[in-house]
Amino acid sequence: MISLEWVKDYVDISDQDLKELAVKITKAGINIEKVITNHIDNLVIGKVIECVNHPGSDHLHICQVEIGDGNVQQIVCGAHNVRTGIKVIVSLPGAILPGNFEIKKSKIRGVESNGMICALFELGLEEKNEENYNKGIHELPEDAPVGVDPITYLGLDDTLYELDVHKHRNNDCYYHIGFAYEIASILNRKVTLPDISYHETSDSIDKHFSLKVETEKCPYYLAKMVRNIKLGESPEFIKRRLVAAGMRPINNVVDISNYVMLEYGQPLHFFDKDKLGDKIVVRNAKDKEELVTLDGKNRILKSSDIVITDGEKPVCIAGVMGGLNTEVLEDTKDILIESAIFDATSIRYTANSLDLKSEASIRYGKGLNYEYTNDAINRACHLLEKYAGAEILSGMIKHDKIDKTPKIVEFVPEEVNKLLGITISEEDMKVELGRLDFAYEIKDGKFIVTIPNRRLDVESNVNDIAEEIGRLYGYHNLISTVPITTVRRGQYLGDVKYRKMISKRLRALGLNEVKTYTLVSQEMTNMFNYEGKENKLLPNPMSVDKSAIRTSILSSLFNVYNYNKARKVNDIMLYEISKTYDINYTEDVKVAGLLSGNYLSSSWNKSVKVDFYLVKGIVENLLDYMGYENRYTFEANKINDLHPGVSANILLDKNVIGVIGKVSPKLVKDDVYVFELSMNALMSKVKALKYKEAPKYPGMEKDMAFVMDKSITSSDVIQTIRRAGGRLLTNISVFDVYTGENVLENEKSLAFKLQFMDPTRTLTEDEVMKLFNQIVDKVISAHNAKLRDK
Amino acid sequence: MKIEEVKSLLEEDKSKVTDLTSLNDLRVKYLGKKGIITELNSEIKNIPVEEKKEFGQKVNELKSIFNDFYEEKKNYFEEEILNKKLFDEAIDISLPATKIVCGAPNILEKLIEEVEEVFMSMGYDVVDGPEIEEDKYNFELLNIPKGHPARDAQDTFYLEGEEILLRSQTSPMQVRIMLEGNGVTPIRMICPGKTYRRDDDDATHSHQFMQIEGLLVDKDISLSDLKGTIDVIVKKLFGDYIVTRFRPSYYQFTEPSVEVDISCFNCHGKGCNICKKTGWITVAGAGIVHPNVLKMSGYDPKKWSGFAFGFGAERLAMLKYNINDCRVFYNTDLRESRTFDRKED
């Protein structure tokens, strides 16, 4: 949250419409999500010209309040300090106070009241606490002009910008001076930095403290010592600005530390000097080392954390939170101020592992500019001297291993223009660099730019400079060009190609495409687990229902079925193609389908209900389409959660590539059929399409029927027939399956229609009958079958 | 019987024929084995030679009279039967049809396919990549080293320490495709795919969502080229009058980075709920490929440049089809999704 009332200390924005300015800033790259003003309509300064007690109450008063132009309103007020003659803040009907509290004309215990006399906290200008509540209404000075806006009169007008915090540019724009620089760039103005001067005593810090830094994760550490602080309330502007930025004022010392942090982005830490002793050692924590932090919690540390110690025990988790043992309290007299830079990554790890994201750790985690580490500690001394009566000891304890190499970029204007695709003149580039406050010189037509340290996000490359120049120059100046087109049309590559083919086919066959989640519950991974694959379980799942990575889509499709069934949809045809992964992260793209209800449906005429053979037909159609005609078979198999008698493996070239079957009646009472195939198996190259002439010579058809044991499958018999029939036998189909009367209990009758054909001639009855008999004999002997009488 | 008698009898009988049956009966009566005309014909042998010719002619005449009559009547009756049959077979064509249905696409997939078509026409290949990724592709080679704050914005599902993860973006495919290109092949690709982040599911967030990644690497590629390319796709998706606006933004793997806004297709800039009263809608993040990213993937940034972009498929689909809850893409309600089995102009 950025307070514009605060920013104006550093850059002149008095002539700006702040809503328009927010748009300009957003256009230049810092996303302002919300502009909040504290202006309230129908708020005026009034003078109480009469105040009498309310007859129906022991604490209410009936006031006559003059609100300008001779206009006098009657207002009932309950504050203890309301009295004739004082100037007050009046909310008139129509005013909307914080908390969406609208002032209306009303009657209070029978007496008309046309507004409300207010306290500052009721306007959001002060913290709402018991102390402020007890102060009663706010009394304005005697010379306050009646009828004008009291917030403006008090100089408390403020506009807040709420920033999008997700972008890394925010490491220089989330504090007020950094933000002022951004505004200065946009408006082409100069930044005025705050006063950081102070007086020092002859006593030097060196006599009181020594510093030792034993970790590489602390490249920069500064400390100043101040004495005889007078703890008390902060001045109004500090309190108000902290409240505006969303922080709670506590006392002048703590407030100053927070204030400076919000100014420079540099977190400070104040130690009670007496409790700390005479030594500071910065080191890596020891494993299991403990510290009770300011929030009263005992923290157990790891060796990856950084701690500030007094030489023995930790007194602060560096960059995250101070220890209770050195806290600044009412009786604190002398303070040690710390301003430092710690390794950003390390601080982020510590804050995460302790689950302790503090104002400080967030800022350390984004990275800091060492120049402001200096300025901030001096600014704190300035403010402590001014507002807490502190005496500042001379000298500063310092550990300095920070890399101060300036970031320099050399480029010719053409390089920037090439990246932007437009032509910005050298002169315009100079203007933009000036606005950015980037120092530069020009040598042999080359720009040599030094990037200021406060811009941690800008790296030494032309792209970064192009971005900075481009965004200020304005992206609305970009033209629309298209890279020179190639003649070649793009293609679906790899998996995608096959996924598209299969998807198209399954939709043509009436199946609806669905998309479900990769992460499922462990319970779901156990369903239909026909491959016996082990699932990867997430180490830190968000919830039980998203705790495992699926190896099959079937249970997800079954959920979609249930979802739709519950919504009275009865004809449900679904498919999904999705990557699946097992515990070894082996990828397998699965094609799964689920069908239930009527495949062809009519409300009054014949419908075709989904059954096993229909689903089998869909799978065969898909396999034929993919070019695997005659290469697949189905083999009965008992599969988890499928009907044991109505489920099968799907084989391609004798390898199992999937399953098909009816969902077990234990799971669902309706007839639901599913299939799932591994797409990887369907991605091999198949023969190119070739024209094949239809046969010219008529074929001959013969029927045969056998009685045999029930357990013999039709595909077995067909295989026998095919082998015995030879090349003239071109087609075999089952045309009747019969059990019941005239057939024994454990037997069935299967009838086949055989087609014989020779593409080069007409066959004779004799030769066909010879084959026919040959086939009958083979079937009888191979399957212990009987030829059925005609 | 005398021929003349037969003739008048026939005339009389003709008027008695009422249907196909009586017509056939008449045929039997006259032309059957013992039919009247058949009999006359057999009498011919008993007729004196000189009369034979005349008699024969008369019998033939009689025969053809009968046949003409027979043919005419037969056609008439058959047509009558057919007409009756056709009349009887008439159906109520207003009764409802037997439903012939093709499957509907998933709404996201439909949207993605539309985007794919546009990019393929501009020479971009469509690729796919692993959803379980290595940290180096998902982050490190995209200029996001371990511990970088940019990782915080993408709360990632890690599977093995910080090495293996469910990809939090489709951007790792930029790296994979560049590595395949060996620093010598120009690249045009888009990669629509699933991505995962630790977000709680609600109307606008989903722990699983789809991005459409795009990458072009070639010589002398500029931000203006990116703008022109984005123009093509948003006009195709939302209409020819759509205007694109670039806003500066910050991503680790592009520099300069932009956010892509389109003029609001609903209110045309006046301000409405869809554009949150701004007249603009953010649809993508994009930028010039960061020189570090090019370098790490084997492309010399001194010779090559490129742009990359990422659209959120859910967001595009929600905008295009006026959907206000992204969960509908994953909880298929067939009553809703079936309506997407339709062509679009």
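At what angle do helix H2 (residues 20–31) of chain B and helix H3 (residues 36–43) of chain B pack, and how far apart are their axes? Select both: the angle is about 15° and the axes lie 3 Å apart. Axes here are lines fitted to C-alpha atoms, for helices over the stretch in contact, and angles run from 0 to 180 degrees between N-to-C directions. H2(B) and H3(B) are therefore roughly parallel to each other (angles under 35 degrees count as roughly parallel, over 145 as roughly antiparallel, 65 to 115 as roughly perpendicular and the rest as oblique). Show the side chains of Lys29(B), Tyr30(B) and Leu31(B) on H2(B), and of Ile36(B), Ile37(B) and Thr38(B) on H3(B); these residues make the contact. Two residues are in contact if their C-beta atoms, placed from the backbone, lie within 7 Å. Helices (H or I, at least four residues) and strands (E, at least two) are DSSP runs, numbered from the N terminus.

The model is predicted: local features need pLDDT of at least 70 and side-chain atom pairs count only at pLDDT 80 or more, while totals for chains, interfaces and linings use all residues. Residues are numbered from 1 along each chain as its sequence is written, and chains are lettered from A and ligands numbered from 1 in the order in which they are written.

**Chain B as a whole**

Select chain B, which has eleven helices and ten strands. Its radius of gyration is 43 Å, well over the 20 Å that the globule rule gives for 345 residues, so chain B is more spread out than a compact globule. The radius is taken over C-alpha atoms, and the rule is 2.2 Å times the number of residues to the power 0.38. Along its principal axes the C-alpha trace of chain B spans about 130 × 45 × 45 Å. Colour domain 1 (3–89) and domain 2 (107–340) of chain B; their C-alpha centres are 90 Å apart. Domain bounds come from an automatic or database domain assignment.

**Asn143(B)**

Next, go to the loop between helix H6 (135–138) and strand S3 (158–160) of chain B, where Asn143(B) sits. Is Asn143(B) buried or exposed? Asn143(B) is buried, with 21 other C-beta atoms within 10 Å. A residue is buried if 20 or more other C-beta atoms, placed from the backbone, lie within 10 Å of its own, exposed if 12 or fewer, and partly exposed in between. Leaving aside neighbours within four places in sequence, Asn143(B) is in contact with Gln252(B), Phe253(B), His290(B), Asn292(B) and Val293(B).

**Where the chains meet**

Select the 79 residues of chain A that are in contact with 72 residues of chain B. Helix H15 (residues 462–473) of chain A gives the most to this side of chain A, with six residues.

**Chain A**

The C-alpha trace of chain A spans about 130 × 80 × 60 Å along its principal axes. Among its six domains, pick domain 3 (200–400) and domain 6 (700–787); the C-alpha centres of this pair lie 94 Å apart.

Finish at helix H7 (residues 236–244) of chain A, whose buried residues are Lys239(A), Arg240(A), Arg241(A), Leu242(A) and Ala244(A). Their cover includes strand S1 (2–3), helix H1 (4–7), strand S13 (159–163) and helix H8 (252–264) of chain A. After H7(A) comes Gly246(A), with a positive phi near 90°.
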